[in-house]
Every structure is written in C-alpha cells, then in structure tokens.
Amino acid sequence: MHSDHPFTMPSSTLTVSVDSESGYGSGSGSDVERLRSTAEFVRDQDTSELLSRVLPGLDGPELRAFTDRCRFAHAAVLVFPADAHELGAQLAACGLSSEVPAQPSVVVRDRLAARHHRVAADLDVRILRPTVLGPSGQRRAVEVFALTVPPAESGLQAMVEDERRMDREAHLAFDVADPDALVLRGLLSGFERHGAGADGGGYNPHEDGTVFYFTAPVDNKSPYGRVELYARGDHRDVLAEHLGTPRTGPAERQYGDPQAAESLLRLLTGAWTTQALAACARLRLPEAMSRDTGIGVRELARTVDAHPESLATLLRYLAMLGVVTEGPDGFRLTVVGSLLSAEAPGSMRPLALMYGGPFYQSFAHLTHTVRSGLPAFDHFFGENHFDHFSADPELAALFDQSMVSSAPIFDALPSHPVLGAASASASAEGARTVVDIAGGTGELLGRILTAHPALRGVLLERPQVLAAARAHLSGIEAGARCSYHAGDFADVPAGGDVYVLSRVLHDWDDDRCRSILRSCVAAMPDDADLLVVERLLPGDGSPSLATAWDLHMMCNTGGRERTAEHYGRLFAECGLTLVGHTPLALGAHTLHARKA
C-alpha cells in the first residue's frame, strides 16, 4: 500500500481496489474523454453488479453478504496535463472540481520510472480525488493521477502513448465497514475461493492502514486485473497469513523496509510544513494573491518584499501542500490557502502564527515534558502561557484571535436544547441569563445571544481581555444585552440560568478542573444547566483531533483532553451529573451537566 492511497474513508473501513492491465477507458482517447468516461463509470455503477463482475460466481446469499459489507467508492485514471492549469481545465470540462488538494504520488511515480527506465526524480506525478455522486447520491470519487508533461518534453511522448494504451494505473475501490480480524479473514477467504490469488501486501504506519493484494480471477468480467483490499488499522497478523511467509530478503534485512522509511521521512518533515504555512502567513502571501488570476514570482516578491528565488522554492512547497496552484499565468491561491489571509471570513492566519511561533518554540522541548511531567512552555519561556501572553499585548491579541479562528466549533451550539429551553422560558416568564466563564472576546456568547434575542449574557474574563470583548460585542445588536464581570474562576457570577465553559477545562489538570467546577456549582441555582465545550478523546483509541490536542495541551499548558467518562467522573466529584453530550465541528462536543 502506498502512502498516497485514498485514506478518506471512515476510521473503521476497508477498501477493495482493482488495478487494471487493460484498463477501463483505455485506448487513444484524449485525457478529457478518459476523465469523463471514468467519472460516468463512477456515477453509474451498482455495487452488487460490479462485485459480481469482479468475482464471477459470487451470487445468492454470498453476494448479498458482500454487498451488505461493501460499497463502491472510486475509480482511478492516469492523465498527462502540461501543467496544473491545464489539469484544472480538463477536470472542469468533465464537471469535476479542481479545488481539491493535489499531493505527490511517489509510488505511481516510481512505478512509471521502473516501467519506462526513467529517473524517478525527473517525473512529477500528483494525485487528487474530486467527488462524484453515485446513482442514489452516494459520495464517491474519481482518483486522478496526473503526470506533468510540458509541451517541450518530447522525450516523454512514448511513455504517454504506452500508458494511455495500457492504462495500468486504473483501479476500482469498494469500501467495507468494520474490518475486524474475522471480517478480514472472511473476505480474504472469499476472494481466494472465487479464484483471486494472493499477490503481496503491507502495513502503512503513516496512515495506519493494511493492504492485501490479489490478482483478479481468470474469469473476471471486469476490465481490471489486480485486486487490492485496504483495511484501516494495523492488521499485520492477518497480513502474515495472507502472505504465507514474511518478505525478508537480503536487501530488506540490510536496508530496512523502503516504504516504512518513506513514511517515517514524511512524518519527520512535518515541522517544515508548519513553518512553510507560518511563513506564508507572515509574508502575507494570501493578501497579495488571488484565486481567480495568477501572479508571477517576481511580481509577488516585489509586493511582499521577498527574495524571488527563495520565494519560488516556498511556493513550490506550498503547491505540494495544496495551498497554492501553479499555472501559465503564475501562482494562484486555493480555497485552503485563502484561509491564511487576514481578510478571509474565518481566517486561520492567527493559528498559523501561533503554531509556527511560540507554540512551535515550546514543542522543541516536548522531551522535557515527557521526562518531568511539566509544561515545555513554562520551561522554555520561564512562565506559564497565560502570564506570558498577558505581558505582551500584541501576543495576547494574537492568541485571542487564534481562539476566534476555531469559531466553526460554535456553529451548532446556539441550537442546543438547553439554550432553546432557556430562551422559550424567558419569553414566557421573564429574563434568562447565560454566563460565559472565561469567554475570551465574547465570540461564543455573541452567537448565543444573537440566536436567542430573549436571553441576556454575562461575560466573565480577566480585565485585560474585557476591553477586547467590549469592542467586539459592541459591534453587534446582541452586545446591548451583555454585561461584563472582571475576575477569575473564583468569581463566577451567581444566579445564572445557563453556565458555559468553552475550551477551558482542557487547559488544566484534574485538581484545577475540580476547583473550577466547584466554583460553578457554588454559583449555580439548583435548576441551572452547565454546558462544557471540549474535544473528547475516543474511548477505543481511534484516530482523533483530540489525540493531537492532548499532546499540545500537555506540552503547552499542563492540561489534557479527556474522554466523556473522565469528564463524567470529574462532574460527579463536584456535585454534578453528566446528562449527555452532543458532537460539534472540528472534533468538539458539548457536554451537558446539572447539579446532582
């Protein structure tokens, strides 16, 4: 399995892919025709019928069992544009989006180089996956491999003609839910029973996925000749059974697994990505660029006061990340890149500057945190991050702005039933008050009050933050219904109807969380509600944004992310009962608690 395979399915999915020797849509057709025919194929296919063609003899109850597990997910095609601009035009001509990010496809590049005796580094192969909807609106994709062939590169034409004729990189894919060991063994056995032959496989630690390869049955009725099963997670025990014997030849014993080495190298260079995005934001490249028209490197360098050759190197890396694209008229912003502009709605520029600035510096001392249990931020800067930011008004403002950058978390919160009930009772019985504890500049409270005109608000914050909060809330109608309370967690205003703690508890250890919660309980009337917004760690160890933030909080604040059960225990120790929790955007949840 290669590191540029589509790992876009849910966390517990298995993918069955079929690679082509003759290929769907093979022949001398143009790239646009081949893209269009592939897209039409993806749109039109019925999963059950396609499975029966890939595995002839699969019918009756067994076909129903496979169909219950599997759903057709994508088909792939290799095309040969002159540049990114031409590729975008080709996709648009087929009704496919060109705004999806393109990543390097190292494995396809290496296969092309080996087949045609080329130097791999001389080939530029990208992969992108525009969405296509199936017959019933199912979300599918066309997986596009794009080998850039500039018009002047006549030496590649023989390769292009051969690959168009043979279409070796084409494949199908089926997603199958819940690939536990029993399911995997059943599917592997089923493929072998219907004539597919084991043909290798591997585990990809970068994307935590296991791949099982087969040659297709000889009586296969589809135009594809190789089958690939992809299972999310580490299934090397099942893989060993599939392979029969581990592949440990002399070269592998001496040099290690090349695929694993490549995956580790990609992980090790993650710091370069953080700094490239931060440099893009610091240089204000997004403000000087457009999504509609390109700009040349030298003109852009003059605009942002940069060294042209060095800027070109940065732009090429940003293009690899999908932040910009390059075409005949220069470089353009993508949808992703536009979020780094300070002028964009929902701008994430402050986050880029924080993660590439003070938090980047402190993360260099993560080992200190793991050894000592103490925050690396305090170790490096000599004080905790709240005090450090308070002493630097410019940095404090940037931190507050970075918190606003995560505002999509709040989109669904105003519709929470607790707030709806408070608003309804306020209309019937008189004023109801929402108390936002450590609510920053009032972004969340402003959204709640705007959605519920019958509610009033109280914002508790440190004095130095309240000035920014007043400025923000005074600009909206809801600000007239908000009052401000200077203080800390010991000063929670009493008598509110709904109390909100948004992204507060993860800053602190359990002892401090208990202290904060007890202050809330002391202030809350018996019939008041508490809404806590936090990312929740998954109980089963599955991949999650919360897992990354858990490391971040440990390193920079001494806090942590927690499971719902962990929060439930903290609530109970403080006289609260966890009523339930509901998901929000970006991996967050709203936990609802009341007095026990």
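This is a predicted model: local features need pLDDT of at least 70, side-chain atom pairs count only at pLDDT 80 or more; totals for chains, interfaces and linings use all residues.

Me: OK, where does valine 323 sit?

Reply: Valine 323 is in the loop between helix H14 (308–321) and strand S11 (324–327).

Me: Is valine 323 buried or exposed?

Reply: Buried: its relative accessible area is 2%, and the cut-off for buried is under 20%.

Me: What is valine 323 in contact with, leaving aside neighbours within four places in sequence?

Reply: With those left aside, valine 323 has contacts to Leu277, Leu318, Arg332, Leu333, Thr334, Gly337 and Leu340.

Me: Switching to helices: at what angle do H11 and H14 pack?

Reply: About 115 degrees, with the axes 10 Å apart; H11 covers residues 270–282. Angles of 65 to 115 count as roughly perpendicular, so that's how H11 and H14 lie to each other. Their crossing is left-handed.

Me: Which residues make that contact?

Reply: From H11, Trp272, Thr273, Ala276, Leu277, Ala279 and Cys280; from H14, Leu314, Tyr317, Leu318 and Leu321. By class, the contact has 9 nonpolar residues, 1 polar and no charged ones.

Me: New topic: which helix holds threonine 369?

Reply: Helix H18, residues 366–372. Threonine 369 is buried, at 2% relative accessible area. Beyond neighbours within four places in sequence, threonine 369 is in contact with Leu374, Pro375, Ala376, Met554 and Cys555.

Notes
Residues are numbered from 1 along each chain as its sequence is written. Side-chain values use heavy atoms; hydrogens and water are left out. Helices (H or I, at least four residues) and strands (E, at least two) are DSSP runs, numbered from the N terminus. Buried means under 20% relative accessible area, exposed over 50%, partly exposed in between (1.4 Å probe, protein chains only). Contact means heavy atoms within 4.5 Å. Axes are lines fitted to C-alpha atoms, for helices over the stretch in contact, and angles run from 0 to 180 degrees between N-to-C directions. Angles under 35 degrees count as roughly parallel, over 145 as roughly antiparallel, 65 to 115 as roughly perpendicular and the rest as oblique. A crossing is left-handed if the near helix is turned anticlockwise from the far one by less than a right angle, and right-handed if clockwise. Ala, Val, Leu, Ile, Met, Phe, Trp, Tyr, Cys and Pro count as nonpolar, Asp, Glu, Lys and Arg as charged, and the others, Gly among them, as polar.
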